[in-house]
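Subject: Structure handover and findings

Dear colleague,

Please find below the sequence and structure that I am handing over to you. My notes on what was found follow directly after it.

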Amino acid sequence: MKAVKSPEGFFTVFFLINELIFHITRYGITGGYLMNKLIFALILGLSIGLIVSALPKKPGKVVSIVLVCLFVIYFLTQLIYSSVFANYFSLSATGGVAGQALDYVTTIWGGILAEAVPFILYLLIIGASIFYIVKISDFERRSATYYLVFAGFLATGMFYYVIILSYQGDENNSPYSVFKKYTSVEMSIQKLGVLESMFRDGVYVFQDKSGGAVNYTDTGFEHEVYYESAPGAEEKVYVNNTTEDSLEEHQYEVLSTEETTVVEQNTEEVSTEDTEESTEYIKTSYAQVLDINLSQMSNITDNESILELNSYINSSTPTYTNDYTGMFEGYNMIFITAEGFDGSVIDKSRTPELYKMSTEGFVFKNFYTPLWYGSTLGGEYANMTGLMPKNGAYLSMEKIGYQKNAMPFTLGNALGREGYNVFAYHNNEYTYYDRDVSRPVLGYENYKGVGNGLPYENYQGGGLMWPQSDAFMEENTFKEYAGKEPFHVYYMTVSGHLEYNFGGNAMSAKNQDKVENLHYSDKTKAYIACQMEFELMLEELNADLEKAGIADKTFIVICGDHVPYNDMSILDELEGRPLETTFECYRNTLIIYSASMEEPVRVTKPCSSIDILPTVLNLMNVKYDSRMIAGRDIMSDTPGLVMMPDESFITEGYKYDAAADEVIANAGVTVSDAELENMKSAVSNRFRMAAAICELDYYKYVEELMEDK
């Protein structure tokens, strides 16, 4: 009984109960990795109890009550945040993420109601714990020998905890791999628990605040036999940039001839000498790489982490130019990240402009918008940089802004170098998510939002309208860039923002009459209604382009930042069936459209939001290095690959669900263990590359290498 009254006994039971409730709520009694979580909870409970017991009785009880409240609040935060935003909260991103959550109080109340049972249980735990500490617990100090022996016992326990994890495998996404490499708060909570993840996240906060950084050398890139190699790619002529040769256009390949053929490099003209037989030629393409020698990076820096990242990039297979390279060279370019947009809202009669643009331009049959960490900001980061945002820890977009990273491949910077007039707009507060800090880094010095030049719309009776109208934003910005060709414009819309109802969403209310007769729930009708304001923006934009006589010299790219994650049943309703929740619910519509296109281009390759940037750069024939972007040019011959935040992925032959450690193969496809492990390593490397590029400001060193060339 005395052991139960001790701080060690109390905190052990306290942490076990908290972790167990959260696990059952999120993964069920049999799902996940419950034993890992309970073992760590046991060790942590004994450790904290031991520390508290060393304090005088009264201070010890006060400290215990404070700790109980803090830990339960943390569990509640993870519970409600994950219910609302469909991913987990990270201590090291408190500024952006907490601000995001606090801005939607009504949505948070909805999350609390959705998690009412565990929420009440956690509140009861606080009350019961305080009563126990005050009335029952024994806070007697122990002897020095007791503390030494107990500390040794805990150290041994931690050692065996690591051994237990190691016996669960060392492959990618295994609990041991997640324990060694904190790359995802979501995966860490699933496989190690809330408590272990909190401490791992806390260590990351300390490293970040103290100027430390993740040591990529200590946890190096996984070995992989191949990476996204296209069939026959090994036969292509590639001028390795570790030589003194420049990356020039490859020679023509002779497919069939019986005589010597003279081929002029860098020209379409082919001359033959004494050739009697007909000869068939095909021109190989440019490697999409910069004309620099990456092996000379050691002359720029001796940072081992940067050199390791650079070595990985230097060994990666690039993409090549293709039939669509330069299709929109010299065109005006408008890129729209559409708030909460999902292609299931497109309807021929209700949204004719979206329907036209999604069916008469490029048609991507297997495009996905993963729910990246930080929701809107993570989605923007993927769309704009071709890199996956960090899945936990800092918010990548804010990170590059405050570090003032070099970002040479973003459209704002790349097209600005090409002489384009560059503009960016957002119809919400211009400082939200610190966009005023990150936009210039992305190349958008001319950035306007509500509060720094973009007018805002009020209700008739006064008061700021929420959300703002996308059509209103277009009306007040088109005149700023029209007549300044070539131009590049980036829009971040807001009309499609949650919540989806007719009482608090101004755009849903504005378009309510257009959806009243639809056979959907009110929330789904409200979602359609607010997206119809985005439809109106596109109608006005295309009409303005046509009126200005530049529609056929402009192309538009549209992608959502995320699906309506706060209520995924909306998508089930729109699709008329329950959607599978690992992959299928994130299938979306990417629009690449120009009035100049005479016929649509249909693409079946799996692709995602990180593939947009390299695809657009290729379409505009803007020079970039495909090895330095995590996404791939969709129109290249590189096989399709979609990577989800938890390192699940989709290839052209199969899907891999990391959470379930399950392969879902297409009909007739057999996936060997070696191939699967190899692909898992390739995906893991891409995530690590993306994180390292952001955190280490890798592009800055690339730019220095270009200057020294």
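Glu-647 is buried, since its relative accessible area is 7%; buried means under 20% relative accessible area, exposed over 50%, and partly exposed in between, with a 1.4 Å probe and protein chains only. Glu-647 sits in the loop between strand 16 and strand 17, and its phi is near 70°, a positive value in a residue other than glycine. Helices (H or I, at least four residues) and strands (E, at least two) are DSSP runs, numbered from the N terminus.

Please note that this is a predicted model, in which local features need pLDDT of at least 70 and side-chain atom pairs count only at pLDDT 80 or more, while totals for chains, interfaces and linings use all residues. Residues are numbered from 1 along each chain as its sequence is written, and side-chain values use heavy atoms, with hydrogens and water left out.

A positive phi also occurs at Lys-404, where the value is near 55°. Lys-404 belongs to the loop between helix 15 (396-403) and helix 16 (411-417). With 65% relative accessibility, Lys-404 counts as exposed. For context, most residues other than glycine have a negative phi, and most peptide bonds are trans.

One joins Trp-466 and Pro-467, with omega at about -10°; Pro-467 is placed in the loop between strand 9 (447-450) and helix 18 (470-475). Another joins Glu-485 and Pro-486, where omega is also about -10°, and Pro-486 lies in the loop between helix 19 (478-481) and strand 10 (487-492).

Strands 18 and 19 form a hairpin with four residues between them, and Asp-661 in the turn has a positive phi of about 50°.

Glu-533 is located in helix 21 (residues 522-547) and counts as buried because its relative accessibility is 0%. Its side chain makes a polar contact with the side chain of Lys-510 at 2.7 Å; a polar contact is a pair of N or O atoms within 3.5 Å, where, within protein, one must be able to donate a hydrogen and the other to accept it, and residues adjacent in sequence count only if both atoms are side-chain atoms. Leaving aside residues up to four places away in sequence, Glu-533 touches Ser-469, Asp-470, Ala-471, Ser-495, Met-507, Lys-510 and Asn-511, with contact meaning heavy atoms within 4.5 Å.

Finally, the structure holds zero disulfides, a disulfide being a pair of cysteine sulfur atoms within 2.5 Å. The sulfur of Cys-559 is 9.6 Å from the closest cysteine sulfur, in Cys-607, which is too far for a bond. Cys-559 is buried, with a relative accessible area of 0%, and Cys-694 counts as buried at 2% relative accessibility.

Yours sincerely

Methods. Two strands pair if DSSP finds at least two bridges between them.
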